[in-house]
Amino acid sequence: MNHTQNQQRPLFDIMTMKSPLQLLFKEIDQLKDEDDLRSHLAPKIGEYFAAKRSGVFFFDQLLADLKLQKLLKVALSVEHNPVARYLVERHTPVHEALVTSPKAWAIICPRPDHWHVMAGPIVNRGQLVGVVGCTRDRSMFAFDTQNLADLSAICLHLSVWTATCGEAIPLRESPHQSFKSDRLTPRELQIAELVALGRTNAQIGKEIWITENSVKQALKRMFRKLEVSSRAEMVAQLSATKYHLSSVKNNPLLAE
């Protein structure tokens, strides 16, 4: 009996040990609301990754705060930022060295405190609804594969918390935002859904049997209607207003 207990002891120790990462998981589970997440958890995530700057952002928060609109137009633009593009297309953590060269990144993001950048997704109902971001300056070590693995685990727990605590972090939908979303035609909503899946203009054109130029013109109209300037901002706005793009997948009324 004692021999069996001794054999089982290592597994018990592993299951009950509290590593710094596991302590973060517990912190996430005990979060009360989004304010608690930003003020209490975000700094601890920064400490865990020895980051110069860190933050947790939900797209509805960015859309509601005019001061943060630049993040959507530049930092989270899939055309401008390969890190954002990777995140939007794959819903998996990424750092800048995975998607571009140091020289190119210095041009894309010249800020000295963003010399190294790592970002991870917060996902709810299959949609990218938020981002966990960490940065380091030039004098610090670059983010590595272990950092990505740890951020992936943190994002998994945050995604579960977001899905199960929906009432604690309501999407701040405004009548104006809802009205703008409703102005999109079924065809435009179909295009928006394909954009959210990471399709290029050429791929969208082939899939819905229109020319690439027609897709470009449609996107221009959609950007004007939604008052956005990038694909990422458009997808984020539709997600933030609780508009389920998948609802038009089988819609037979695709003609404008």
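**Figure 1. The side chain of Thr-135 and the backbone oxygen of Asp-113.** In this predicted model, the side chain of Thr-135 reaches the backbone oxygen of Asp-113 at 2.9 Å. Thr-135 is found in strand E4, and because its relative accessible area is 7%, below the 20% cut-off, Thr-135 counts as buried. When its neighbours within four places in sequence are left aside, Thr-135 is in contact with Asp-113 and also with Ala-51, Lys-52, Arg-53, His-114, His-116, Val-117 and Phe-143.

Figure 2. The four strands are arranged in the order E1-E4-E3-E2, forming an open sheet with antiparallel pairing. Strand E1 (53-58) and strand E2 (94-95) are the edge strands, since each of them pairs on one side only. Helix H3 (residues 34-48) packs on this sheet, where it touches E1 and strand E4 (127-136), and the direction of H3 makes about 150 degrees with that of E1.

Figure 3. Strand E2 and strand E3 (residues 116-124) run antiparallel and are joined by two bridges. In this view, Val-94 can be found standing opposite Ala-119, a residue of E3.

**Figure 4. The buried side of helix H2.** Within helix H2 (residues 20-29), the buried residues are Leu-21, Leu-24, Phe-25, Glu-27 and Ile-28. They lie on the same side of H2, because the arc they cover around the axis is only 160 degrees. These buried residues of H2 pack against H3 and against helix H9 (145-164).

Figure 5. A disulfide is a covalent bond between the sulfur atoms of two cysteines. A search of the whole structure finds zero disulfides. Cys-155, for instance, is in no disulfide, and the nearest cysteine sulfur, which belongs to Cys-134, is 9.0 Å away. Cys-155 has a relative accessible area of 3% and is therefore buried, while Cys-109, at 14% relative accessibility, likewise counts as buried.

**Figure 6. Leu-226 in helix H13.** Leu-226 lies in helix H13, which spans residues 212-226, and because its relative accessibility is 0%, Leu-226 counts as buried. Although Leu-226 and Leu-184 are 42 residues apart along the chain, their C-alpha atoms are separated by 8.5 Å.

How values were computed. Residues are numbered from 1 along each chain as its sequence is written. This is a predicted model: local features need pLDDT of at least 70, side-chain atom pairs count only at pLDDT 80 or more; totals for chains, interfaces and linings use all residues. Side-chain values use heavy atoms; hydrogens and water are left out. Buried means under 20% relative accessible area, exposed over 50%, partly exposed in between (1.4 Å probe, protein chains only). Two strands pair if DSSP finds at least two bridges between them. Contact means heavy atoms within 4.5 Å. Axes are lines fitted to C-alpha atoms, for helices over the stretch in contact, and angles run from 0 to 180 degrees between N-to-C directions. A polar contact is a pair of N or O atoms within 3.5 Å; within protein, one must be able to donate a hydrogen and the other to accept it, and residues adjacent in sequence count only if both atoms are side-chain atoms. The arc is that of the directions from the helix axis to the C-beta atoms. A disulfide is a pair of cysteine sulfur atoms within 2.5 Å.
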